[in-house]
Amino acid sequence: MSEDVTPARVAGVIGLGSMGMGVALSLLRAGFRVIGCDAEPSKCMSLVTRGGEAVGSPAELGRRVDQVVVLVATPDQVEEVLFGPEGIAATLPKGACVVQSATVPASFAEEIGQRLDALGLLMLDAPVSGGPVKAAEGRMTVMAAGPDEAFEKAEELLASASGTLHRVGALHGQGSVVKTINQLLAGVHIAASAEAMAYGMRAGVEPQRIYDVITSSAGNSWMFENRVPHILAGDYTPHSAVDIFVKDLGIVVDSARRMTFPTPLASTALQMFTMAAAAGLGREDDSAVIKIFERLAGITLPQADNATEG
């Protein structure tokens, strides 16, 4: 790091998807010098054009920062960017803090916390919620667990990237447990919203009327109110994809099975998202889970205004 830059004001971000880019931009607005890393060069270039910097590998990033947010998609990717051949863990200075914000099983979060600790590094098990919009606005909810020293190290970073910070415990894995609960509810609510809308359409009720009534009634939920407009617009541009909930509800069901804990609703929602993914909808917005009812119940969904035949 250059001598004229205060280390506490430099932050790395690994994973410049919609959430990671939102975090990077929030940190830039807060006055951080932000250095990003992503496997897709176009995402790195996007950060650079907005005032950030980019490097070619996590290992290179580790030589330039002492705090980094990891916001990749899967546990395998977390493993790769931390401990792979070009991983950041080997190049970060002692006492640096990894804010691990990808959605992973709690047992995995606990394990990587131990591995980082053995290298003299701090970690916060800090999954996030709120979607790309709140990430870009610095209003995410962060559910973080870890030692006091890690919270102190990343205090300014967390304050700049989040609207609400919940300190849910001192042990790695506790943050990921809370995120798993959140994803259980989110996945079930999206699946239930799709089923309810499809049921209403099959019964002949105009879709917009269903939405208007439910959003002012007791059956409403945040997910219904947020995702059903995608269905009404016929716009399945991914904000959070079907594949994400195949992964996240899979984490719910797998972790519950290890505890011998039944998850009938989460398991059913997982099957619905898996059906959608198997039908080729995995990269579409998670609201596209409703499309399974086109096949199962013969409903006709609203189409985008610019939809063309073909």
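# Reading the terms in this model

Me: What do the buried residues of H4 pack against?

Reply: The buried residues of H4 pack against strand S1 (10-14), H3, strand S4 (67-70), strand S5 (97-100) and H5. The model is predicted: local features need pLDDT of at least 70 and side-chain atom pairs count only at pLDDT 80 or more, while totals for chains, interfaces and linings use all residues. Residues are numbered from 1 along each chain as its sequence is written, and side-chain values use heavy atoms, with hydrogens and water left out.

Me: Which residues of helix H4 are buried, and what makes them line one face of the helix?

Reply: Val78, Val81 and Leu82 are buried in helix H4, residues 75-83. Viewed down the axis of H4, they fall within an arc of 95 degrees (taken from the directions from the helix axis to the C-beta atoms), and therefore they line one face of the helix.

Me: Why is serine 57 called buried?

Reply: A residue is buried under 20% relative accessible area, exposed over 50% and partly exposed in between (1.4 Å probe, protein chains only). Serine 57 has 12% relative accessibility, so it counts as buried. It is placed in the loop between strand S3 (53-54) and helix H3 (58-62). Apart from residues up to four places away in sequence, serine 57 touches Cys37 and Glu86, where contact means heavy atoms within 4.5 Å.

Me: Why does threonine 260 count as exposed, and what is its phi?

Reply: The relative accessible area of threonine 260 is 72%, and therefore it is exposed. Threonine 260 lies in the loop between H12 and helix H13 (264-281). Its phi is positive, about 50 degrees, although it is not a glycine. Most residues other than glycine have a negative phi.

Me: Why are leucine 185 and proline 238 called partly exposed?

Reply: Leucine 185 has 44% relative accessibility, so it counts as partly exposed. Proline 238 has 45% relative accessibility, so it too counts as partly exposed. Leucine 185 lies in helix H9, whereas proline 238 is in the loop between helix H11 (222-233) and H12. Leaving aside neighbours within four places in sequence, proline 238 is in contact with Arg283, Glu284 and Asp285. From C-alpha to C-alpha, proline 238 and glutamine 114 are 34 Å apart in space, and they are 124 residues apart in sequence.

Me: How many cavities of 30 Å³ or more are there, and which residues line the largest cavity?

Reply: On a 1 Å grid over the protein atoms alone, a cavity is a set of points where a 1.4 Å probe fits but cannot get out; a pocket is an open set with protein on both sides within 12 Å along at least five of seven lines, and lining residues have an atom within 4 Å of a point. The count by this rule is 1 cavity of 30 Å³ or more. The largest cavity holds about 60 Å³ of space, a volume being the space filled by probe spheres set on the points, which are joined across faces, edges and corners. Among the residues that line it are Val23, Met140, Ser101 and Ala161. Strand S8 (140-145) and helix H8 (155-161) each supply at least two lining residues, and H8 gives the largest share, 3 residues.

Me: What classes make up the lining of the largest cavity?

Reply: Ala, Val, Leu, Ile, Met, Phe, Trp, Tyr, Cys and Pro count as nonpolar, Asp, Glu, Lys and Arg as charged, and the others, Gly among them, as polar. The lining of the largest cavity has 10 nonpolar residues, 1 polar and no charged.

Me: What lines the second largest pocket?

Reply: The second largest pocket contains about 320 Å³ of space. It has 15 lining residues, and the closest to its centre are Val177, Thr180, Ser255, Ala256 and Met259. Helix H5 (106-118), helix H9 (174-202) and helix H12 (242-258) are the elements that give two or more residues to this lining. H12 gives the most, with 5 residues. By class, the lining of the second largest pocket has 10 nonpolar, 4 polar and 1 charged residues.

Me: How do you know that the radius of gyration of the protein agrees with that of a compact globule?

Reply: The radius is taken over C-alpha atoms, and the globule rule is 2.2 Å times the number of residues to the power 0.38. For 310 residues a compact globule would have a radius of gyration near 19 Å; the protein has 21 Å, which agrees. Of these residues, 50% count as buried.

Me: How many helices and strands are there in the protein?

Reply: The protein has 14 helices and 9 strands. Helices (H or I, at least four residues) and strands (E, at least two) are DSSP runs, numbered from the N terminus.
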